[in-house]
Amino acid sequence: MLQSLVRPAAQSVARNTFSRAFASQASTSIPTPAPVEQRTISPKKYGGKYTVTMIPGDGVGPDLAASVKDVFKAANVPVEFEQYDVSGMTSADDKLYKESLDSLRRNKVGIKGTLFTPATKLGHTSFNVTMRKDLDIYASLSLCKNIPGINARMSNVDIAIIRENTEGEYSGLEHQSYPGVVESLKIITRAKTERIARFAFDFAVKNNRKKVTAVHKANIMKLGDGLFLRTCRDVAKEYEHTGIIFNDMIVDNTAMQLVSRPQQFDVMVMPNLYGNIVSNVGAGLIGGPGIIPGCNIGREYAMFEPGCRHVGLDLADQNAANPTAMLLSSVMMLRHLNLDEHANRISSAVYETIQAGTAKTRDIGGNSSTTEFTAAVISKL
Ligand SMILES: NC(=O)C1=CN([C@@H]2O[C@H](COP(=O)(O)OP(=O)(O)OC[C@H]3O[C@@H](n4cnc5c(N)ncnc54)[C@H](O)[C@@H]3O)[C@@H](O)[C@H]2O)C=CC1
Ligand SMILES: O=C(O)CCC(=O)C(=O)O
């Protein structure tokens, strides 16, 4: 019964579109992000145009969203955005947050920046996390790959970081059992581990990847991470016939291995918080949070957002952020909508702009503004 509950979502990742994107990547030698698609998702299309919910987010979010809108307009992309300017800077946006969720439920597909969450006891709970749980968009995918033209600490990095998005350390279940004593629950379930492990293997199969590494701390969290590891091992057995290698690694060693020999990693699968940390290390390896695209996928909904979810309050309203991660996330979204031609045009324009080096934002060693970079991309469409 459990199997049949979790299987359809995992299988639905196994779509031809993965192979399609991989083929286009091979032929152009441009690192095009792999698309993700769910069989059960039927995006809303009216009059030949898709309606997509857009939540720009806080910090650099509005500048990044503007870049996507400008590029889509210039490329005549048949997408209309239903925009919700929700902010996490205030709890007063609870109602707007709920409206944005209703819009996502209608449209099935969304694109977002990061919403700020206050780190105080009285602050509201995270809109980002709540949204992933409410929509059960359980699989987070961050693509950490060198981009030609960007000087990075490490070369030949190409890692797909797959992270469980709805439980683990982000359960939000905390209480003070005695003054000065807090218990914070990390939830691991077999059902949710099975579906994320299958997502990882299906992704590996469809993208011609060779290895899946499960990241854990089962030597200490013997029950929780132990269950995660055992379940990944069980799922790996089902994929033995594919020839994909499975291994596992303790999270602390993983951190060291990532900064010393990241080329050993291919597809990585892990619980929630480890995924956040690993994607941040990955960003540091290849050039920062401004260039890693990502998405969150469930059985019914798909939400696209930069793979390393930074708010960037320090760059807010400065027209200085790098929109690459957001633009490449929008490219993943276009593939998801089967708009491959538009996706290819935009991703080629982004990579060509970076490689030409004529418009580079500050984070990757240039002086260009967000709008100058965007204009350069548009000129290459
Ligand atoms: N603080 C929050 O409310 C939230 C934090 N997080 C998580 O916490 C971690 C840290 O996030 P933050 O504190 O928000 O980091 P942050 O906003 O301080 O960003 C770190 C640095 O990266 C730079 N940066 C971010 N996006 C950029 C872009 N597109 N172009 C150029 N530079 C950029 C920022 O300017 C900053 O110097 C991340 O892993 C994130 O996933 C996630 C959601 C909300
Ligand atoms: O939403 C937040 O404030 C934190 C969420 C987070 O760490 C993440 O999205 O990875």
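Trainee: For contacts in the chain between residues at least 6 apart in sequence, what share joins residues at least 24 apart?
Mentor: In this predicted model, 76% of the contacts between residues at least 6 apart in sequence join residues at least 24 apart.

Trainee: OK, and how many helices and strands does the chain have?
Mentor: The secondary structure of the chain comes to twelve helices and 13 strands, and buried residues make up 48% of its 381 residues.

Trainee: At what angle do helix 3 and helix 12 pack?
Mentor: Helix 3, which covers residues 61–74, packs against helix 12, residues 370–379, at an angle of about 20°, and their axes are 10 Å apart. Angles under 35 degrees count as roughly parallel, so helix 3 is roughly parallel to helix 12.

Trainee: Is that crossing left-handed or right-handed, by the way?
Mentor: The crossing of helix 3 and helix 12 is right-handed. On the helix 3 side the contact is made by Asp63, Ser67, Asp70, Val71 and Ala74, while helix 12 contributes Thr370, Thr374, Val377 and Ile378.

Trainee: And how do the residues of that contact divide by class?
Mentor: The contact of helix 3 with helix 12 is made up of four nonpolar, three polar and two charged residues.

Trainee: Switching to the ligands, how many residues surround ligand 1?
Mentor: There are 21 residues around ligand 1, and the closest are Gly290, Arg309, His310, Val311 and Gly312. By class, the shell around ligand 1 holds seven nonpolar, eleven polar and three charged residues.

Trainee: Then which residues are around ligand 2?
Mentor: Around ligand 2 you will find Thr117, Ser126, Asn128, Val129, Asn276 and Arg309, and by class that shell has one nonpolar, four polar and one charged.

Trainee: One more topic, backbone angles: what is the phi of Asp317?
Mentor: Asp317 has a positive phi of about 60° although the residue is not a glycine. Asp317 lies in the loop between strand 13, residues 302–304, and helix 10, residues 324–336.

Trainee: Is Asp317 buried or exposed?
Mentor: Asp317 has 10 other C-beta atoms within 10 Å, and a residue with 12 or fewer is exposed, so Asp317 counts as exposed.

Trainee: What about Asn338, where is that one found?
Mentor: Asn338 is found in the loop between helix 10 and helix 11, the latter being residues 340–356. Asn338 has a positive phi of about 65° although it is not a glycine, and with 14 C-beta neighbours inside 10 Å, Asn338 counts as partly exposed.

Definitions and conventions:
Residues are numbered from 1 along each chain as its sequence is written. Chains are lettered from A and ligands numbered from 1 in the order in which they are written. This is a predicted model: local features need pLDDT of at least 70, side-chain atom pairs count only at pLDDT 80 or more; totals for chains, interfaces and linings use all residues. A residue is near a molecule or strand if its C-beta atom, placed from the backbone, lies within 6 Å of it. Ala, Val, Leu, Ile, Met, Phe, Trp, Tyr, Cys and Pro count as nonpolar, Asp, Glu, Lys and Arg as charged, and the others, Gly among them, as polar. Helices (H or I, at least four residues) and strands (E, at least two) are DSSP runs, numbered from the N terminus. A residue is buried if 20 or more other C-beta atoms lie within 10 Å of its own, exposed if 12 or fewer, and partly exposed in between; C-beta atoms are placed from the backbone. Two residues are in contact if their C-beta atoms, placed from the backbone, lie within 7 Å. Axes are lines fitted to C-alpha atoms, for helices over the stretch in contact, and angles run from 0 to 180 degrees between N-to-C directions. Angles under 35 degrees count as roughly parallel, over 145 as roughly antiparallel, 65 to 115 as roughly perpendicular and the rest as oblique. A crossing is left-handed if the near helix is turned anticlockwise from the far one by less than a right angle, and right-handed if clockwise.
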